[in-house]
Amino acid sequence: MSSDNALQDLADRIVAQAKPGEQVEAYVSRGGETSIRIYEGEVEHFVSAQSESVGIRVIKDGRTGYAYAGTLDESVLSEVFAEARDNVQFGSADEWAGLAEPDGVEKVPQELWNEELAHFPTAEKIAIAKELEKLTLATDSRIRIDDANYDDAYGETAFATTSGIRAHGRENGCYVSVGTLADDGDETQTGFGFSVGRTPTEFNLARAAREAADRATRLLGATKPQSKRTTIVLDPYVTAQFLRVLSGSFSGENVQKGRSFFADRLGESVANPLVTLIDDPTNPLAYSATDIDGEGLAARRNVLIENGMLKQFLHSSYSARRGQTKSTGSAVRTGGTPGVSCLAMQLVPGTATQDELIAQVSDGVLIQMVQGLHSGVNPISGDFSTGASGLLITNGQVGAPIREFTIASTLQRMLQDVVAIGGDVDWLPMSANGMSLVINDVTMSGA
Amino acid sequence: MGTLSELVGKETIEKVLAKGRSTGAGFSEIFIEDKRSTSAGLDDGRIEQVTTGCDRGAGIRVVHGETTGFAHTADLSEAGLLQAAEAAAVAAKQGSGGVVTVALGGIDTHQVNDVQILPNEVPKTRKVELLERANEAARSIDQAVVQVSAGYGDSVRRILVANSEGVFAADDQVRTLFRVSVVASGDGGMQTGYDSMGRTIGFELFDLYDVEELAAGAARQAVTKLKARPAPSGALPVVIKRGSGGVLFHEACGHGLEADLVGKGASVYRGKVGEMVASSLVTLIDDGTMSGEWGAIGIDDEGHHSQKNTLIENGVLTDYMWDYLRARKENHRQSGNGRRQSYMHLPMVRMTNTFVINGSSEPDDIVKATKNGVYVAKLGGGSVNTASGDFVFGMTEAYLIENGEITEPLREGNLIGNGPQVLRDIDMLGNDFAMGNPGTCGKDGQGVPVGDGQPTLRVKSLTIGGTAA
């Protein structure tokens with residue numbers, strides 16, 4: 001029996017214990033990770049870890065209860081089930097409460113499991129991380145290494161519900177990353193680089209090393225700029241972070257609960273016509289690609305913004321029922337009952353390189369890093385303000401480094417102020433892709 | 001449920017520690033955790049659901065030279081633990097070091113928190129009622145309040161730590177938390193308000209604090225901001241209200257004083273002990289023994305007693321914060337700052353409750369002495385690049401200061417500064433010390449509960465990241 005089936009069997013067995021009048025969902029998972037950190041040519045730490053969990057959701061008369069445990073130990077399952085049942089009585093009756101139901105949408109076949117990675121020798125993982133440290137050190141004499149890391153993870157999940165969902169999935173992946181410190185006298189600047197793959201043979205260590213060194217060294221001597229309105233060019237990694245900030249505003253549940261500035265804007269222009277934004281977890285290039293969502297429905301491609309026009313919101317089975325529409329396969333689990341989120345955001349790229357985009361900017365800033373997106377951006381009001389560092393752009397050329405400044409606007413305005421999208425797509429270890437992005441009329445605050 | 005020492009016997013622990021050293025490693029450690037939590041959420045007028053959770057397992061750490069091997073397991077049987085110990089030992093060093101024995105004494109405890117009412121002994125109905133009261137209180141503030149979400153959470157975390165150097169210690173950590181977030185809607189769009197309270201105590205939290213008051217405050221914050229104008233862009237004097245700006249010190253220097261970052265040369269404060277690093281007004285303390293505060297612990301997650309540590313005294317850097325590994329390497333004392341998110345994580349140097357003690361200025365005088373600037377009544381989160389010292393923090397409730405008076409509300413934004421510069425630029429310090437909201441500090445992918453606090457203070461220049469010229 002394959003390991004997938006063992007998890008599915010466990011989920012099925014839990015659901016089979018549902019009493020009349022109860023809707024039950026079992027969500028079981030297990031996974032593991034290897035985390036290797038190299039420092040000065042030696043292994044600083046080696047973490048080898050397995051984890052497992054079970055979550056049981058019970059719905060009765062419109063009331064929901066939930067319980068979980070960080071183990072699949074049979075002796076604990078009945079306790080978890082009893083807790084979930086007990087918790088039902090405290091929830092409010094909600095006419096839209098319910099489980100996902102099979103919707104006939106087929107899973108898109110994807111290669112999410114890599115056998116080569118599953119059997120990759122530990123010694124070679126260590127050697128890869130050591131090689132990355134060595135390559136990065138060799139790039140520039142001003143570079144020190146903060147840490148060089150190899151990480152991989154695998155996970156299996158299975159769902160079963162009394163409403164007829166039976167689904168399981170299995171994924172693995174790996175990445176390397178390196179953090180750098182560049183010194184010049186008393187001054188230290190930092191950089192980072194990484195490379196992602198389904199298997200270590202897909203890594204581009206030389207590129208990760210080069211980027212980590214460049215990011216740190218090119219900030220040496222950076223000064224604080226004067227405040228002014230300017231044009232910004234976001235590096236691909238920053239663009240991906242910007243896309244993630246927008247994610248919640250596409251959630252149908254946030255729209256229904258009055259937490260999205262996109263509410264009432266369906267079919268309207270919400271962005272520059274250059275912007276086409278898609279959520280597509282079926283694209284295997286995406287690090288967060290998956291074939292099932294957080295309720296066991298097939299993951300699917302959803303167009304969010306097409307040529308600047310807001311096309312649709314994303315739904316779980318709950319928000320779909322409440323909005324009298326269908327689930328878009330966008331349920332996510334972040335520890336408890338399902339929420340709604342983008343799974344793999346992808347901005348449709350243009351064709352220009354970053355250099356070509358910069359050549360079009362007479363006066364602006366290339367934003368290399370941002371800091372504090374979690375503290376200075378309010379996705380409900382749309383207020384956007386983040387710390388940043390980067391390089392001044394003058395007459396189409398990058399020049400002096402700058403740091404300790406903020407860039408600010410609102411999310412609503414920034415979408416309209418996009419003036420160019422690069423073709424330099426980067427697939428990053430996060431749930432959004434990135435490419436260079438040019439945005440006009442942003443306030444830079446410095447001295 | 002039994003205590004952890006009943007669940008895993010001393011003999012088993014001794015065998016596990018010995019197994020950890022069986023490949024020749026100098027140090028082995030077992031960290032056992034049993035965490036029970038209850039949470040309940042209200043949103044959109046409904047109790048969404050009550051969730052109960054149980055996380056239990058052990059993390060085993062083996063240190064061989066400069067290499068740490070780590071494995072964790074949810075299987076607390078002797079066989080399960082021995083298997084994890086072997087995995088950790090192999091991870092730290094391939095090879096054999098022969099047979100090792102470890103003997104432990106009695107369990108050590110260090111009680112700093114006093115819990116009156118264990119949350120798991122309180123009926124869930126009472127927890128749910130709090131949410132409903134908060135919802136009503138927030139909605140009754142103003143018609144403009146369009147959405148309220150409230151959350152209740154409690155946890156009982158029991159830990160047991162033993163290592164091959166004879167540490168054998170246990171602690172029970174009980175935390176109770178309540179939070180409210182509010183959305184208000186007006187002509188200019190939506191605004192949000194947020195407040196929270198949390199302490200390392202039990203359900204008596206709600207005898208000490210009123211959820212209705214908390215909710216009303218969050219609602220007022222959202223409604224006030226509907227009339228807010230864009231925050232200024234550029235450098236201005238900033239006055240930070242008491243109990244809201246501890247995160248400034250957490251970011252401006254707290255992280256930079258963590259010995260692991262200092263040791264790697266990734267801190268602007270490296271090599272600065274004994275030097276003036278801040279305005280002479282500043283005395284900064286990190287105190288894990290501060291009873292009931294959000295970052296209070298009896299022992300750290302390496303079994304070391306929590307302590308009160310002075311980091312900066314009258315502007316002079318006195319010491320960093322330490323964990324086992326870094327203290328061993330530098331031949332320094334541990335300071336009770338070795339913490340981890342759970343048994344699935346390696347410990348590292350972390351803050352506990354970090355605060356600046358009182359100065360002598362009257363808070364009103366600080367505002368009056370400021371001709372034009374920004375008054376920050378509530379700060380959000382922040383982050384820091386410890387190597388360059390550049391840090392940001394968000395202001396979630398702020399006002400303009402014009403001619404020495406607090407005037408119009410401002411929209412949200414980040415403030416940015418450089419740690420060493422900002423510490424020197426603190427030119428007024430109030431006499432009204434207060435601790436702030438419960439926080440979760442993130443480092444290297446791990447979150448731990450931390451507290452912070454400070455009296456009202458002024459920084460003579462900080463960059464405000466708004467959009468108004």
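Two strands are taken to pair if DSSP finds at least two bridges between them, and helices (H or I, at least four residues) and strands (E, at least two) are DSSP runs, numbered from the N terminus. The structure is a predicted model, in which local features need pLDDT of at least 70 and side-chain atom pairs count only at pLDDT 80 or more, whereas totals for chains, interfaces and linings use all residues. Residues are numbered from 1 along each chain as its sequence is written, and chains are lettered from A and ligands numbered from 1 in the order in which they are written.

On these terms, strands E14(B) and E15(B) form a hairpin with 5 residues between them, and Gly389(B) in the turn has a positive phi of about 90°. Strand E14 (residues 372–384) of chain B pairs with E15(B) in the antiparallel sense over 10 bridges, and Gly373(B) has Ile401(B) of E15(B) as its bridge partner. Strand E15(B) also takes part in a hairpin with E16(B), with 2 residues between the strands and with Asn403(B) in the turn at a positive phi of about 50°. The pairing of E15(B) with strand E16 (residues 405–410) of chain B is antiparallel and uses 4 bridges, and the partner of Ala398(B) in E16(B) is Leu410(B). A further 6 bridges join E15(B) to strand E17 (residues 413–418) of chain B, again in the antiparallel sense, with Phe391(B) bridged to Gly417(B) of E17(B). A residue is counted as buried if 20 or more other C-beta atoms lie within 10 Å of its own, as exposed if 12 or fewer do, and as partly exposed in between, the C-beta atoms being placed from the backbone. Of the 13 residues of strand E15 (residues 390–402) of chain B, 12 are buried, so the strand is largely enclosed by the rest of the structure.

In chain A, 4 strands form an open sheet in the order E10-E9-E8-E13, with antiparallel pairing. Strands E10 (309–310) and E13 (345–347) of chain A stand at the edges with a single partner strand each, so one side of each is left without a neighbour in the sheet. Strand E9 (residues 302–306) of chain A is paired with E10(A) in the antiparallel sense over 2 bridges, and Glu306(A) has Met309(A) in E10(A) as its bridge partner.

Among the buried residues of H5(A) are Leu205(A), Glu211(A), Arg215(A) and Thr217(A). The elements that cover the buried residues of H5(A) include helix H4 (122–139) and strands E4 (143–161), E5 (166–184), E6 (187–197) and E14 (363–371) of chain A.

A nonpolar core is a set of buried Ala, Val, Leu, Ile, Met, Phe, Trp, Tyr and Cys residues joined through C-beta atoms within 7 Å. The largest such core holds 274 residues, of which Ala88(B), Ala138(B) and Ala215(B) touch the most other members. Two residues are in contact if their C-beta atoms, placed from the backbone, lie within 7 Å. With neighbours within four places in sequence left aside, Ala215(B) is in contact with Ala134(B), Ala137(B), Ala138(B), Ala150(B) and Val180(B).

The contact between the chains takes 68 residues from chain B and 61 residues from chain A. On the side of chain B that touches chain A, strand E2 (residues 46–64) of chain B gives the most, with 12 residues. That side of chain B divides into 23 nonpolar, 33 polar and 12 charged residues, where Ala, Val, Leu, Ile, Met, Phe, Trp, Tyr, Cys and Pro count as nonpolar, Asp, Glu, Lys and Arg as charged, and the others, Gly among them, as polar. Strand E3 (residues 63–69) of chain A runs parallel to E2(B) and is joined to E2(B) by 5 bridges, with Thr51(B) of E2(B) as the partner of Tyr66(A).

Chain A is divided into domain 1 (3–216) and domain 2 (222–447), the bounds coming from an automatic or database domain assignment. The C-alpha centres of these two domains of chain A lie 23 Å apart, and their contact takes 28 residues from domain 1 and 27 residues from domain 2.
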